[in-house]
Amino acid sequence: MKKIYFATWNKQKIHRMQSLAKNIANDFVIEPVPELIHVEENWATPMENAEQKIAPYENLDFPIIAWDTGLYFEWIQFDPTHVKRVALANAWLEAEQCSQEEIYSVLLNYYRDLADSHWWEFPFYYSDGWALKSSDGSIKIFQSKRNNILTNISHGEKQLYFPMCNLYKSSISWKYYTDRTESDMMCELQWQIAILEDIYKSL
């Protein structure tokens with residue numbers, strides 16, 4: 001068995017990584033790190049934030065991976081790694097003062113306004129930064145990219161922790177996030193799968 005730990009307790013990210021690992025090899029296991037150490041994600045790029053997330057585990061002797069995502073629009077100035085913070089600030093709110101439902105509503109309206117300002121559909125991409133700390137302490141940084149289209153129409157079951165997922169569709173399948181099949185997801189995540197295949201071979 002080849003196992004790495006994932007520095008997150010985000011259930012959606014854990015599920016996605018485990019699905020990708022299973023697609024690569026039956027003996028490839030990804031589990032959440034037993035004792036997650038919270039770090040402030042205050043760097044400018046997803047790669048820097050991912051590396052920051054694994055920094056507290058530098059003295060541990062098992063492989064650990066971290067993942068951070070930035071949201072990028074081609075034609076506007078945008079803070080790619082602090083979207084929630086910016087959206088709440090625009091609404092004169094702070095996350096600590098809001099319920100998750102309130103945060104969902106603020107972010108959903110923020111994204112809808114972006115789509116409305118660009119003729120209802122607005123191309124964007126996610127840049128995924130990955131940091132892997134191997135058992136010997138060496139660190140590798142990876143990057144992948146996912147192209148999508150933001151719309152102003154809320155679609156599918158409410159994604160309470162990821163409001164953007166109710167509004168965007170893939171540039172590959174042209175399906176909304178909530179309509180994707182497992183096969184669609186694997187097709188859209190080929191860059192991430194290639195990265196994990198390299199990681200699997202290095203274990």
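**View 1. The surroundings of lysine 13.** Leaving aside neighbours within four places in sequence, lysine 13 is in contact (heavy atoms within 4.5 Å) with Phe6, Lys53, Trp67 and Asp68. Lysine 13 is found in helix α1, residues 11–24, where helices (H or I, at least four residues) and strands (E, at least two) are DSSP runs numbered from the N terminus. This is a predicted model, in which local features need pLDDT of at least 70 and side-chain atom pairs count only at pLDDT 80 or more, whereas totals for chains, interfaces and linings use all residues. Residues are numbered from 1 along each chain as its sequence is written, and side-chain values use heavy atoms, with hydrogens and water left out.

**View 2**

**View 3. The open sheet.** Six strands, in the order β2-β1-β3-β4-β5-β6, form an open sheet with mixed pairing, two strands being paired if DSSP finds at least two bridges between them. At the edges are β2 (28–32) and β6 (168–170), each of which pairs on one side only. Strand β1, residues 2–6, pairs with β2 in the parallel sense over five bridges, and lysine 2 stands opposite phenylalanine 28 in β2.
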